[in-house]
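Subject: Handing over a structure

Dear colleague,

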Amino acid sequence: MRVTQNITTSNFIRYIHQHAENLLKTQRQIATQKRINKSSDDPIGMGQVLGYRTNLAATDQYQENIEQGKTRLEFNEATLDLVSDLVNTARRLAADYSGSSLSIGERQSVALQVKDLYDQVMQMANSKLNGNYIFSGHATNAVPFSRDANFNAAYNGDDGELRIMVSDNVEVNIVADGRNIFQDAANGGVNIFDELKNLIDGLENPDPVAGSAQIEATINPLQDGRDQINCRRSEYAPVLYRLQATDEYMTNLRPKVEEAMANLEQADITKAVVELQNLELAYETTIATAGRIIQPSLLDFLR
């Protein structure tokens, strides 16, 4: 094979471009402190890095969901704790004022207290967190409960649950249908609003004997209603524990994923600097050699 001047020149140009490209790549690694800056640097490695980044982004989202879930559970717990106390206060009033010997004035005074308790319970049932009602199912913009002038309560939400994604294809559900908490008569539980209304009606009944019977009939249901509230509160404990355990697991997992990604992605700066020096020497040597071997020809002068 005859080696022409053009072949020699082309080879030198190709070598110079290759050295220049390697220099640029190594300089980029030193500047960014990353071994992989684009897919062509290491296609397989870049795929693994993107996978790690996706995992970290998903972990961030799951931990944000978990934090919101914990806040919601703690808020629900505090709200129902107050409701439990209010219902218990109403039960004590029913027990203390169920006798037929009380005057109409005394019963009217207690009836006002129970009406106030009724409205406080409804206020708690209509609690909002971050601008959303917590006991109206998925209808978070709808006021869950309302009443008429005769203290008949109505539910305005739906049967939706709060679903919290805590991992891939894993979710935790939190009861958000207020009927399951405050009006559970359909499931064999207690309609707390109805029992408070019955207590009010008994206290306002002009017939002392009939009124006393009505009042006394609310004592056990109100106790059951309080137990119903506390039962719902107890259901939060295992859910909260699960959220905390999952959050702790992800917190411990994060540095391991970050370390694995760093080992794959980050450059060895000391090694890169040495390599850069070698590439600079090779580049300069190639330029110098090309300058000595490729001499101007007659055609170069004629152009």
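At 13% relative accessibility, Lys70 counts as buried, where buried stands for under 20% relative accessible area, exposed for over 50% and partly exposed for what lies in between, with a 1.4 Å probe and protein chains only. Before going further, please note that this is a predicted model, in which local features need pLDDT of at least 70 and side-chain atom pairs count only at pLDDT 80 or more, while totals for chains, interfaces and linings use all residues. Residues are numbered from 1 along each chain as its sequence is written, and side-chain values use heavy atoms, with hydrogens and water left out.

Lys70 forms a salt bridge with Glu67, the closest N and O atoms being 3.6 Å apart; the term salt bridge is used for a side-chain nitrogen of Lys or Arg within 4 Å of a carboxyl oxygen of Asp or Glu. Both residues lie in helix 2 (residues 43-96), three residues apart, which is about one turn of the helix; helices here are DSSP runs of H or I with at least four residues, strands are runs of E with at least two, and both are numbered from the N terminus. Glu67, at 42% relative accessibility, counts as partly exposed.

Arg233 counts as buried at 18% relative accessibility, whereas Glu77 counts as partly exposed at 28%.

A further salt bridge, 2.7 Å from N to O, brings together the side chains of Glu204 and Lys115. This pair, too, links distant parts of the chain, with Glu204 in helix 5 (residues 192-204) and Lys115 in helix 3 (residues 104-125), 89 residues apart. Glu204 counts as partly exposed, at 30% relative accessibility. Salt bridges that share partners also join Glu67, Lys70 and Asp247 into one network, and the count by this rule comes to 12 salt bridges.

Helix 3 has 22 residues and reaches 31 Å from its first C-alpha to its last, close to the 32 Å expected at 1.5 Å a residue, the expected span being 1.5 Å times one less than the number of residues. Its buried residues include Val110, Val114, Leu117 and Val121. Seen down the axis of helix 3, the buried residues fall within an arc of 150°, so they line one face of the helix; the arc is that of the directions from the helix axis to the C-beta atoms. The face turned away from the buried side of helix 3 carries the exposed residues Gly105, Leu112 and Gln123.

Turning to the strands, strand 5 (residues 161-167) and strand 6 (residues 170-175) pair in the antiparallel sense over six bridges, pairing being counted if DSSP finds at least two bridges between two strands. Arg163 stands opposite Asn173 in strand 6. The hairpin of strand 5 and strand 6 has two residues between the strands, and Asn169 takes a positive phi near 60° there.

For the chain as a whole, there are nine helices and six strands, and buried residues make up 36% of the 303 residues.

With kind regards
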